[in-house]
Amino acid sequence: MRKLVLWGHNVQEYKEMFDLSEQDLSGRILEFGCGPSAINASLTGTAKEVVSCDDMFAMDKQELRGHVDQVFDSMLAQVKKYEGLFQWDDYGNLDGFVHYRSQGIEKFFDDYEQGLEQKRYIHSDGLVLPYDDFHFDIALSSHYLFANIEGQDVEFHIQAIRELSRVAKEVRIFPLIDRDDHVSQFLGPVMLGLQQDNLGLEVRQVPYHLQAKGNAMLRVWAHECVVE
Ligand SMILES: C[S@@+](CC[C@H](N)C(=O)[O-])C[C@H]1O[C@@H](n2cnc3c(N)ncnc32)[C@H](O)[C@@H]1O
């Protein structure tokens, strides 16, 4: 089964995917590899700061709109093929899900140009983020790492998560399954590498359950633990 990526996530979904509290949602938030999600548009004004970082945010609104519409349509065709494998209860059915995510995408595009000007949407390769150490309270990334995306090996994961945990006090990554619905083969080696970097780690079950096995996230945080 291919991975479900339809973008357009909303705050309620992030709360369940990343087990976020109201306090988490009011701090300085970085979302990474987020695509056109509604998070920045929804939380700007209530959170202290929200920055959304994606490779695609080098595009202007018109170019990005064309790209997103094209990918959304082709992904939707795939999802329809495997409709029975998803748990649609929170959305009613597939149509309800598509409607919900489409609204999220519209919200993103209504905000995109202003957000670019305000540097709330930024383009970055992810391995060097232009922020001071621990600038953000929390960094969130969904369906980007552990997704068996071409070119992402164990070392790439370790470098990307190390950089996220440099700029944020805590990193949360969801889900931990790959494109074929199996726990990512990278999870063990990446966790070992991060532990060797003296990062704290926890795999935690979360309420979001669109995919039966996609109900866990990885938390990572930098902490002082000097063993003498
Ligand atoms: C599989 S999609 C997931 C999007 C979204 N988080 C979701 O859950 O629907 C991966 C996203 O990562 C972005 N991406 C790919 N390489 C990137 C990089 N080096 N730095 C930042 N974002 C990247 C892509 O543009 C895309 O939006």
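1. Buried means under 20% relative accessible area, exposed over 50%, and partly exposed in between, with a 1.4 Å probe and protein chains only. At 25% relative accessibility, Arg166 therefore counts as partly exposed.

2. This is a predicted model, in which local features need pLDDT of at least 70 and side-chain atom pairs count only at pLDDT 80 or more, while totals for chains, interfaces and linings use all residues. Residues are numbered from 1 along each chain as its sequence is written, and side-chain values use heavy atoms, leaving out hydrogens and water.

3. Salt bridges. The criterion is a side-chain nitrogen of Lys or Arg within 4 Å of a carboxyl oxygen of Asp or Glu. A search of the whole structure gives 16 salt bridges. One of them pairs Arg101 with Glu13, with 2.9 Å between the closest N and O atoms. This pair links distant parts of the chain, 88 residues apart: Arg101 is in helix H5 (residues 94-117) and Glu13 in helix H1 (residues 11-17). Both Arg101 and Glu13 are buried. Helices (H or I, at least four residues) and strands (E, at least two) are DSSP runs, numbered from the N terminus.

4. Arg166 and Asp133. Their side chains meet in a salt bridge at 2.8 Å, N to O. Arg166 belongs to helix H6 (residues 154-167), whereas Asp133 sits in the loop between strand S3 (121-122) and S4, 33 residues apart.

5. Of the 7 residues of strand S5 (residues 168-174), 6 are buried, so the strand is largely enclosed by the rest of the structure. Strand S4 (residues 136-142) runs parallel to S5 and is joined to it by 6 bridges; pairing requires that DSSP find at least two bridges between two strands. Leu140 has Arg172 in S5 as its bridge partner. Arg172 is buried, with a relative accessible area of 5%.

6. Asp24 and Arg172. Their side chains form a salt bridge (3.9 Å, N to O). Asp24 lies in helix H2 (residues 22-25) and Arg172 in strand S5, so the pair ties together parts that are 148 residues apart in sequence. Asp24 is partly exposed, at 22% relative accessibility.

7. Network. Which residues do salt bridges that share partners join into one network? They are Asp19, Asp24, Glu170, Arg172, Glu202, Arg204 and Arg219.

8. Glu63. This residue is found in helix H4 (residues 61-81) and is partly exposed, with a relative accessible area of 49%.
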